[in-house]
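Hi everyone, thanks for coming. Today I'd like to walk you through some charged side chains, so let's get the picture up.

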Amino acid sequence: MHVPDGFLDAPTSVATGVVAAGGVAIALRGARRELDDRTAPMAGLVAAFVFAAQMINFPVGAGTSGHLMGGALAAVLVGPWTAVLCLSVVLLVQGLLMADGGITALGTNITLIGLVTVVVGWFVFVALRRVLPKRPALVAPAAAVAAFLSVPVAAAVFTLLFVIGGTAPVEGATVLKAMVGWHVVIGIGEAVITGLVVGSVVAVRPDLVYGARPLVAGRTLEIRDAEARS
């Protein structure tokens, strides 16, 4: 999904840059309500995990590979505003130091990966949390579904941007079919990784998972020593 330089024309790249800058500015204000003594360390860990995980590509067929986007994962773990900041920092470092995504396309990449996947992932997760039984065990499946849906939606938004300002002579319908088709497959990997990571954290410290806090608000943290567990 990392868009390279020159893939979109200058007006479209500038427009997505404005959208990304506005989104990050709003996220800076919103993250103040999310960051506390539990979320702040998690934000660093989430950014490091997403950065490392995006370096790992898995084959999805026909010579194509996919990697974790991490929007829904980050939103569930540290909250949507903080997730936008985490992914923006990851994309900035990747673009500047690793040539993963173009510099002029940084706004596009932040818009697609840092905003679209976070917003879609978070709203789908919250909707599922409202309708599902109020049990922490269901946080991971809800996060996995949110992660799965966030990926093809981001691919569809990219297609819209390509139709508006794409520089290659390819029909929009062809791009849509290829992007959404392959990203549905990539979304399955996104869902598996997100479900496993969120489920692992919820199993040991559900209070650290931002999206699970409403379900464990009335619980008291119990710290057991090794002797007590044996």
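Let's start at Arg38, which is partly exposed, at a relative accessible area of 31%. For that term, buried means under 20% relative accessible area, exposed means over 50%, and partly exposed is in between, using a 1.4 Å probe and protein chains only.

Quick housekeeping: this is a predicted model, where local features need pLDDT of at least 70, side-chain atom pairs count only at pLDDT 80 or more, and totals for chains, interfaces and linings use all residues. Residues are numbered from 1 along each chain as its sequence is written, and side-chain values use heavy atoms, with hydrogens and water left out.

So, who does Arg38 pair with? Its partner is Asp207, in a salt bridge at 3.9 Å, N to O. Arg38 sits in the loop between α1 and α2, and Asp207 in the loop between α7 (172–204) and α8, so this pair ties together parts 169 residues apart in sequence. By salt bridge I mean a side-chain nitrogen of Lys or Arg within 4 Å of a carboxyl oxygen of Asp or Glu. Helices here are DSSP runs (H or I, at least four residues), numbered from the N terminus.

Asp207 is buried, at 14%. Asp207 also meets Arg205 in a salt bridge, at 2.7 Å, N to O, and Arg205 is partly exposed at 28%. That gives a salt-bridge network of Arg38, Arg205 and Asp207.

The structure holds three salt bridges, and one of them joins Asp36 to Arg213, with the closest N and O atoms 3.2 Å apart. Asp36 is in the loop between α1 (10–34) and α2 (39–53), while Arg213 is in helix α8 (residues 213–216), 177 residues apart. Asp36 is partly exposed at 28%, whereas Arg213 is buried at 14%.

How values were computed:
Helices (H or I, at least four residues) and strands (E, at least two) are DSSP runs, numbered from the N terminus.
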